[in-house]
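Hi,

Here is the structure I promised to pass on. Have a look at it first, and then read my notes below.

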Amino acid sequence: MSEAPNSTKWLHIIGIGEDGMDGLSPATRSVVEAAEIIIGGDRHHQLAPNVTANRIAWPSPFDALIEKLNEFKGKRVVVLATGDPLWFSVGARIGRAMDPKQIVYHPQLSAFQLTAARMGWSLADVETLTVHGRPAHQMVAFIQPDQKLIILTTGAETPAQIAKFLTERGFGQSEMTVLASMGGKKEQRFEGLADSWSHDVPAFNTLAVHCKAAPDAALLPRVPGLADDLFQSDGTMTKQEVRAATLAKLMPMRGALLWDIGTGSGSVAIEWMRAARYARAIGIEPRPARRAMAAENALALGAPKLQLIDGEVPAALHGLDAPDAIFIGGGLSAETFDITWKNLRPLGRLVANAVTLESESLLISLHKKHGGQLVKIGVERAEPVGRLTGWRPSMTVTQWSLVKR
């Protein structure tokens, strides 16, 4: 069946740049001029003057915007957004909440495209991020040697905050460029290094960063298996080699949700969130000191949206969103498994680690009943033995993993 013609679509979401109405195509400009209702922020309305439509400011919260749009169904409605409405913008959110067959999108050049052009960077080789209205810490996961980043910021203070993140991690010589009012008559450019950044920049800006690592810079790959000493811990965390194997079985995926049961320092949940865009995690941990450590680790390593729950399993699991993956690092019991397995989504992955004989016995029993993979992971590290060096074994971990079919 062919898509409905545009004449049946009453909602137009239009990207507009600093050049305002002059930058729109003739057809898109006609849509704005013929609109009965225009919704946008103050800046958007200023970019589209001399239009007779009824002007409405952004409702808040977002659900109020959807409610308002549904009230106007059948009228000629325009929503003004910045640049490309479907690239880290309101258009995508509206499209998820309403029937997309009612919507026409009119993209304009995005801030990412304009910034890449100003910098002479290939957009295909750049990480495009947004911290607009979101925790700035989430960009930390993308700090890599020689990586180029384009970041939509929250305000005038964001570049200095990101400069601090870079400097603290040994990337103080990273080249930073702030661009404001791109495509307009008042376009501005500010340049400097992260460790000496001191510019006062306009509130509405886009930041370009070319990450430059010092010899002692922290290496934080997004592939699981970060060094143990990057985490605050009381010593009970899932160690580096076992953590890497655990994450491989959990299979982080874009937007997927993990339940991390007995989260401890949060190492598994944090690496899950770092490994895939928009991956989410809920950590269940009854000890306040460990939840505090997990929260600090999440901020330091670029996973500020880690959700931490105070509670004992299995009771704490009731009412949570259904997960795509589950890690049981503590609180293992037959009842906990039954509840987690029931809630796990189809094709979901479950991994349970055990170090005690009692927990291992339970995993063997569950493996016999449900199948999956049962493996033992032994790790030995070279450590000083007097004046010499010897192998010191860690506790052997029994790991059970399976996929829900």
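Asparagine 353 sits in strand β15; helices here are DSSP runs of H or I with at least four residues, strands are runs of E with at least two, and both are numbered from the N terminus. This is a predicted model, so to speak of local features I needed pLDDT of at least 70, side-chain atom pairs count only at pLDDT 80 or more, and totals for chains, interfaces and linings use all residues. Residues are numbered from 1 along each chain as its sequence is written, and side-chain values use heavy atoms, with hydrogens and water left out.

Back to asparagine 353: its relative accessibility is 13%, so it counts as buried (buried is under 20% relative accessible area, exposed is over 50%, partly exposed is in between, with a 1.4 Å probe and protein chains only). Its side chain makes a polar contact of 3.1 Å with the side chain of threonine 246. By polar contact I mean a pair of N or O atoms within 3.5 Å; within protein, one must be able to donate a hydrogen and the other to accept it, and residues adjacent in sequence count only if both atoms are side-chain atoms. Leaving aside residues up to four places away in sequence, asparagine 353 touches Thr238, Val242, Thr246, Phe327, Ile328, Leu363, Val397, Thr398 and Gln399, where contact means heavy atoms within 4.5 Å.

Leu363 leads on to helix α11. This helix covers residues 357-370, and at 1.5 Å a residue its 14 residues should span 20 Å, which agrees with the 20 Å between its end C-alpha atoms (the expected span is 1.5 Å times one less than the number of residues). Which residues of α11 are buried? They are Glu360, Leu363 and Leu366. Seen down the axis of α11, these fall within an arc of 125°, so they line one face of the helix; the arc is that of the directions from the helix axis to the C-beta atoms. On the other side of α11, Leu357, Glu358, Lys368 and Lys369 are exposed. The buried residues of α11 pack against α10 (334-343), β15 (349-354), β16 (373-377) and β19. After α11 comes glycine 371, with a positive phi near 80°.

Glycine 371 also turns up next to a tryptophan. Its backbone oxygen is 2.7 Å from a polar atom of the side chain of tryptophan 400. Tryptophan 400 lies in strand β19 (residues 397-403) and, at 1% relative accessibility, counts as buried. Among the residues that tryptophan 400 touches are Phe337, Leu350, Leu363, Leu366 and His370. Leucine 366 is 34 residues away along the chain, yet its C-alpha atom is separated from that of tryptophan 400 by 8.7 Å.

Phe337 belongs to the buried set of α10, along with Thr336, Ile339, Thr340 and Trp341. That set packs against β11, β14 (325-328), β15, α11 and β19.

What about α8? Eight of its nine residues are buried, so α8 is largely enclosed by the rest of the structure. Its buried residues include Glu271, Trp272 and Arg274, and the buried residues of α8 pack against α7, β11, β12 (280-284), α9, β14 and β15.

At least two lining residues each come from α7 (240-250), β11 (257-261), α8 (267-275), α9 (288-300) and β15.

The peptide bond from serine 60 to proline 61 is cis, with omega near 0°, and another cis bond joins valine 313 and proline 314, with omega about 10°. Phenylalanine 88 is not a glycine but has a positive phi near 50°; it is partly exposed, at 24% relative accessible area. Aspartate 146 also has a positive phi, about 65°, and is exposed at 53%.

Cheers
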